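Colleague: I have this one open and want to go through it with you. Start with how the elements are named, please.

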Amino acid sequence: MSPYGRRNSPRILIAGAGIGGLTTALSLHAAGLEDVLIVEACPNLRAVGAGINLQPAAVRELTELGLAPALEKAAVATARLEYHHRYGGLIWSEPRGRAAGYNWPQYSVHRADLQDILLTAVLDRLGPEALVTGDRLIRYEQDQHPERGRPPVRAYVADRPSPYTCDLLIGADGINSAVRATLYPHEGPPLGNGIRMWRGVTEGPAFLDGRTMVILGCNARVKAVAYPVTRPDESGRCLLNWVVESRTADGVGEEEARGADWDRAVPPEEVLTHIEGWRSDFLDLHAVIAAAPRIGRYPMIDRDPLPTWVDGRVVLLGDAAHPLYPTGSNGASQAVVDARVLAYELAHHGLAEALARYEADRLPQTAQLLAAHRRLEPDPVLRQVEALAPDGFHDIRHVLPEDGLDGLRSCTRRVTGVDATALNARTSWSVPV
């Protein structure tokens, strides 16, 4: 019997049970497309990862999927974004989320908590039979002229004798997507920019107001990002997500880009050497890193924009379609938006037109975001500050004139997407069923 076991057509197979894949399943179900199966390579969906941010555009979509109470309970509503030099001095501060005029908050949340929220909703709404784990998709084939009643797409899985069949295959299987590799077999590994990242989550004292993301230093030398992913407890402690970025002389090798050692932990000393001499009166970053229970090391990588995400009845979504550098805290958010737009179009149009409309909407927008992320905005301004005041300062007005900060004022919108007025005014992508 088909593993789908559902009543509606078309039969839809989603490769990948990450944030994009799970949100896609929920969006399709909410739009009345219930013949959905998710295939995930990991045998067990473990609580892994570190902190991520959900921009207001994504929070709106998850809210319209009925997940606002769970998000509010698990996440921190980020109120401010601040840039500091490596000795703690404030360069620029701006409001975020509701404080910036959006009708929805920006959330900082542990990736594992967000995935658990999405997975719980999928199992509750679609049923446990809608998810198969331990099946790693390796390629697909499709019939250009399928026989009547025969699904045109065959998705092959490692160590499985027969393929899954479907009317639509959605590749939400990440930056090293097998679906993308089938569509573009000569593309090669992801592209590195010579920056390595160390990241972890540490329990520690909340800093500033407990709802602020701070960015310290710049990519001319070393850059660090820190923000809370839980609210402070009675003792004033919370979980702090942190990232340290440093340029490396040896670049990023193919095996590293493909994720060969992404699960390998490294000692704190490997990170602390990059921020030697740093200081701040509001955050002891050295102590936070030293106390991390686990530290991972990753390359900063992405892929070039594609001419198309669609191949007949196959389509890409999320990191499989448009992996982004993390400089705009926007990768997961764009996958959520992808999912909602795709479900909306599939509910209103025939399959070919729906895929074309989805691509026409999302591919240009994400290509613009990818370009902005590659410019490492707002690092050009931060590098200017670093060059003019390498030993720090007490007042940014002594370093840059007022118009010198224009890049910081505008850059965050370029790397996070739609502005408040446009998002608040846009009609909903929810589909009345």
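Modeller: Helices (H or I, at least four residues) and strands (E, at least two) are DSSP runs, numbered from the N terminus. This is a predicted model, in which local features need pLDDT of at least 70, side-chain atom pairs count only at pLDDT 80 or more, and totals for chains, interfaces and linings use all residues. Residues are numbered from 1 along each chain as its sequence is written, and side-chain values use heavy atoms, with hydrogens and water left out.

Colleague: OK. Where is Leu208 found?

Modeller: Leu208 is in the loop between β13 (191-205) and β14 (212-217). Its phi is positive, about 50°, although Leu208 is not a glycine.

Colleague: Which loop holds Asp159?

Modeller: The one between β10 (153-157) and β11 (164-166). Asp159 also has a positive phi, of about 60°, and is not a glycine.

Colleague: And is Asp159 buried or exposed?

Modeller: Asp159 is exposed, at 85% relative accessible area. Buried means under 20% relative accessible area, exposed over 50%, and partly exposed in between, with a 1.4 Å probe and protein chains only. Leu208, with 45% relative accessibility, counts as partly exposed.

Colleague: Switching to helices. At what angle do α9 and α10 cross?

Modeller: Roughly 155°, and the axes of α9 (residues 331-348) and α10 (residues 351-374) come within 8 Å. That makes α9 roughly antiparallel to α10. On terms: axes are lines fitted to C-alpha atoms, for helices over the stretch in contact, and angles run from 0 to 180 degrees between N-to-C directions. Under 35 degrees is roughly parallel, over 145 roughly antiparallel, 65 to 115 roughly perpendicular, and the rest oblique.

Colleague: What hand does the crossing of α9 and α10 have?

Modeller: The crossing of α9 and α10 is right-handed. A crossing is left-handed if the near helix is turned anticlockwise from the far one by less than a right angle, and right-handed if clockwise. The contact (heavy atoms within 4.5 Å) includes Gln334, Val337, Asp338 and Val341 of α9, and Tyr358, Asp361, Arg362 and Thr366 of α10.

Colleague: How many charged residues are in the contact of α9 with α10?

Modeller: Five charged, beside nine nonpolar and two polar. Ala, Val, Leu, Ile, Met, Phe, Trp, Tyr, Cys and Pro count as nonpolar, Asp, Glu, Lys and Arg as charged, and the others, Gly among them, as polar.

Colleague: Is Arg362 buried or exposed?

Modeller: Arg362, in helix α10, counts as buried at 2% relative accessibility. Not counting residues up to four places away in sequence, Arg362 touches Trp309, Gln334, Val337, Asp338 and Val341.

Colleague: What about His322, where is it found?

Modeller: In the loop between β19 (314-316) and α9. At 3% relative accessibility His322 is buried. Leaving aside neighbours within four places in sequence, its contacts are Arg180, Trp309, Gln334, Asp338 and Thr366.

Colleague: Back to α9. At what angle do α2 and α9 pack?

Modeller: Helix α2 (residues 56-64) packs on α9 at about 45°, with the axes 8 Å apart. That makes α2 oblique to α9. The crossing of α2 with α9 is left-handed. From α2 come Ala57, Ala58, Glu61, Leu62 and Glu64, meeting Ser333, Val336, Val337 and Arg340 of α9.

Colleague: Now the core. How many residues does the largest nonpolar core have?

Modeller: 78, and Leu54 and Leu169 have the most contacts inside it. α9 gives the most to this core, with eight residues. A nonpolar core is a set of buried Ala, Val, Leu, Ile, Met, Phe, Trp, Tyr and Cys residues joined through side-chain atoms within 4.5 Å.

Colleague: Last one. Which residues does Pro151 touch?

Modeller: Arg11, Thr165, Cys166 and Asp167, not counting residues up to four places away in sequence. Pro151 sits in the loop between β9 (137-142) and β10 and is buried, at 10% relative accessible area. Pro151 and Pro10 are 141 residues apart in sequence, with their C-alpha atoms 9.0 Å apart.
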